[in-house]
Amino acid sequence: MKNIKKILDYSWIAILIIVVITGIFIFAMKSNIRMETDLDKYMPQKHPAFVYSNQAEELFEIKDGIIIAIENSEGIYNEGTLQKVKDLTKEIQNMEGIEKNDVTSLYTADNIVGSDFGMEVNSFYKRVPTSESKLEKLRDDVRANDMVYGRIVSLNEKVTIIRAEISDTTFTDDFYNQILNFADEYEGPETLYVAGSPIIEGTLGRLMPKDMQKMAPLVIIVIILVLLIILRSIKATVLNLLVVLLSTIWAFGLMSLLNIPVYSVSTMIPIMLIAIGVAYGIHLFSHLELYLQKNPDSDKRTAIADTLKHMWKPVLMTAVTTAVGFTSLITSEVYPVKYFGLFTAFGVMSAMIFALVLIPAGLMIIGLPKPKQFVRKKAADKDKVSFGLDTWIIKRKYLTIILSIVVIGVSLFGMSKVWINSSFLANFQKDSAIVITDRFINNNFAGTSSLNIVLEADEVDKFKDSTTLKLVDDLQNELESLEMVGDSFSLADFIKRMNKVMNEDKDEFNSIPDSQEMIAQYLLLYEMSGDPENLTSVVDYEYQTINITAQMKSDDTKTIKGAIAVVEDFRDRFNDLGIDINFAGTGYRGYVFGGLILDGQISSLILSILIVIILITIMFKNFIIGLIASVPILVTTLVNFGTMGLLNIPLGPTTALISSIAVGIGIDYAIHFIDRYKEYAAETGDKQKTAKMTMYNTGRAILFNAVVVISGFLVLLFSIFPPNRQLGALVSLNMFSSFVGTLTIMFLLLYLSNIYFKKGRSSTS
Amino acid sequence: MKKAKVLIISLMLMAMVLGFAQAQITGAQVMENVYNRPTGPDIQSTLTMTLTNSRGSTRVREIKQFIKQFGADEKKIMFFVAPSDVKNTSFMSWSYGDGQSDDMWIYLPALKKTKRISSSSKSDYFMGSDFTYDDLGGRHPSADTHTILREESVNGEECYVVESVSKDSDYLYSKTISWVVKGEWFGMKKEFYDEDGDFLKSLTINEHKQINGYWVIPEMEMYNEQKDHTTLMQLKDIKIGEGIKDSQFTERMMERGIR
């Protein structure tokens, strides 16, 4: 305490030190800051699911595909459209980083056909057919081949696709622009659509930060305006903003200094710091204002000293508990989330230092804020300002308790409906071009998203075995019966196609033959006459491991989960044959990743609540206070998840992290309130008075804080990106429920607990 | 005196021209010689084909094969001996000197049927190996432009190093480089470059010998660097010019299999 007061004597030096450190951090950011855009870097590479998936992706050359759909409302079987398919296929094949074999279209596809006298593997066309009869033959060829019909050419024959599989490193800005350029160039009379997960991720990675860059200044402007209205002082507003701004610079500065890249999750750090950091200043200024109101003639040194005397402890306590709460995120398996927790904690601690050093020092230099009209007007209706909330709640304590229980009950009900979604597409507006394209392709073809199911046997040649392949076929049929699974593809499809072709194209032979010899001989035949490269994507060299690709119409977690559930039903039957089941592919990794983030988030929430209870118990030397102080966090968390469930907002990587705000804000409010309550209780010894004064003093600061942050974040509701809108809504909601939870139910519990009032003296209620 | 001088000069000139011509065999001539090198009226052998992929996994196939020349045409019949699940699967091809596309049949014992198959292109890979049909001897020298780059010796054999650039820019290989043994006209080694001019694969001859006066290659290896995939071809029990009946190359023989 004494040391803190020294700041008032050495204010220039204190500010100089802050300026120098900030300068160092800014320099570090300038020279060292970098964004991490490679999504794979976000995933814990040592997690068994990722290790397996990566291995399988390498083995079967599983890559993400870009899909270019060419639509001609007159039908695709005309010279012009077929020429475009050929030209565009060649252009894409010649692109940097693309392997020729990874581009599939009607132009490159193999046509395996059977006839009375044999089997042939041809291309559908090399020279673009011009005559009516040749075009007709092409159409008949496609119709007869269900490995192409419905897969490369739509069933209504108006759309055909070119699919280019690319590796993660191929996708760059140039690549993205080039693909979009092609789509423009080849437009008319055909319409071209570009889709596929690399495009979705690429677009998201470009547009979302841009949207945030546009929205963030608006958020800050609104916060400045509201701060000006509430604090009625430019000086106070500036100092308050500096606390938030500098703490953000320090957090990112340290990150750059330690050479840690900025992950997309890190963009949540400033949001946390705005919501939490603004509170410190507001509490200080609120106290200062009330002090000046009581002692209008006080000089600035005395006024600031008094504010510090009363506020250093709660500010320090809130900062420490909040920081510890965020630090609990290091239990997460996901590195970006760990860093998010650590650097937010560091930011919170810096915000605390700025509040306790920069604000007093700054005020010493620039002088006290002189809130206009304040002393004159507000002194008159002192009671009104305390909103009489204390008496209102105490009178209706049962109603308050019942309402709280109802809110908690409804929230618990809502929580049961919360669903997880790690979909990338869900990040776009329903009417955005990318969603429309995706839907268009999903309507005409099997699906834009895929799940890879990897079956691994304990012996070689297992997948030449008839029983095994029949079970694979059953599994695929079961999968395809799901509404969202458009198609599936495996070694079994090759065998069935060959069996049919070798038996005069009779439909009853579209099945797995009974003998292993037959299967082995078909495979040999395929190698001899087809493109054996096609087999590498479905089976390994020893016929010991196969890859089933399920094409799905959505990348959301529900769809992936549904497909996985079907596969899991087959696990026992495959295990009986000595076969193990695993999953692979980008969609699956995203699904596991989403789960990891959530698990980490939920366990760290529980952990942080426990830590908070312990810390507060130690700080206030009272376990009951520890429990009472956890009430706002609990209420905020429950309402947050409950609302998400009720409003059908899925839990994703970002929305999950928002619940961290509950910890930061909930603790702040509880500590400020309890600390002040305790002080007034000691001062007055009167429960009613204590309630009224705490409500008036701290309650007011809490209200201000909530109003400032809520109005700022409501701006995000105008964002064009659903995740940014959800962010705005949920941050606002969390601020609101922390505010209400603290001033109603927590206040009531504190009041009824009779702590800080000796028995007998407090029986006046 | 004068006449003698003229005579001497003329003789010298002639000698120079002749000597020069001798040294200046063209790349095209070298490759013509390779293409036209006699391989014998018929050949039979057991072929073991070992495919190794980038993970070190292997597939081994054992094939009994018979080849016979019918004038400009060539007929070939192959029977699988191993692995056991494809035993007696047979394959027959007739290729024609007039450039007409090959006829091919396959017999699957499990299906008990002989089927015609067609390969759309000579640049298709042969049975999942790293050899295309062209690599196994099908490509006519006139399809490429040949240049002798230099002469050097490989494993003690004096070779011409010939670069062959494809006239068709769409062909699988933009160019190949062959090391051809002088006077014997078989290759010791060959490098293949893909359409974009990047190194694709290399063929190495591990063993060569003469049987009944014909050069044969009992062991060769193709390594595809881009795919990190290797095919080893080993020939055993090679018999050349011992006579194979014309009736060996029929569908009936395919179905009878090898005993």
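The model is predicted. The domain assignment divides chain A into domain 1 (1-32 + 233-370), domain 2 (63-202), domain 3 (387-416 + 586-765) and domain 4 (446-584). The centres of domain 2 of chain A and domain 4 of chain A, taken over C-alpha atoms, are separated by 24 Å.

**Sheet β2-β5-β1-β6**

- In chain A, four strands in the order β2-β5-β1-β6 make up an open sheet with antiparallel pairing.
- Its edge strands are β2 (103-104) and β6 (191-195) of chain A, each of which pairs on one side only.
- Strand β1 (residues 64-71) of chain A runs antiparallel to strand β5 (residues 159-166) of chain A, and eight bridges join the two.
- Within this pairing, A:I166 in β5(A) is the residue opposite A:D64.
- Helix α6 (residues 173-185) of chain A packs on the sheet, where it touches β1 and β6 of chain A, and its direction makes about 160 degrees with that of β6(A).
- Helix α16 (residues 433-444) of chain A also packs on the sheet; this helix touches β1, β5 and β6 of chain A, at about 100 degrees to the direction of β6(A).

**Sheet β8-β9-β7-β10**

- The strand order β8-β9-β7-β10 (chain A) describes an open sheet of four strands, again with antiparallel pairing.
- Strand β7 (residues 449-457) of chain A and β10(A) run antiparallel and are joined by six bridges.
- A:N452 has A:A584 in β10(A) as its bridge partner.
- Helix α3 (residues 48-59) of chain A lies across β7, β9 (545-552) and β10 of chain A, at about 90 degrees to β10(A).
- Helix α23 (residues 586-620) of chain A lies across β7 and β10 of chain A, at about 95 degrees to β7(A).

**Helix pair α10 and α11**

- Helix α10 (residues 300-327) of chain A and helix α11 (residues 335-366) of chain A have axes that come within 9 Å and cross at roughly 175 degrees.
- Because of this crossing angle, α10(A) is roughly antiparallel to α11(A).
- The contact of α10(A) with α11(A) comprises 18 nonpolar, four polar and one charged residues.
- The residues that α10(A) brings to the contact include A:K300, A:L308, A:W312 and A:F326, while those of α11(A) include A:G341, A:V348, A:M352 and A:L363.

Conventions: Residues numbered from 1 in each chain as written. Chains lettered and ligands numbered in written order. Predicted model: local features only at pLDDT ≥ 70, side-chain atom pairs only at ≥ 80, totals over all residues. Domains from an automatic or database assignment. Pairing = 2+ DSSP bridges. Contact = placed C-beta atoms within 7 Å. Axes fitted to C-alpha atoms, helices over the stretch in contact; angles between N-to-C directions. Parallel < 35°, antiparallel > 145°, perpendicular 65-115°, else oblique. Nonpolar A, V, L, I, M, F, W, Y, C, P; charged D, E, K, R; others polar.
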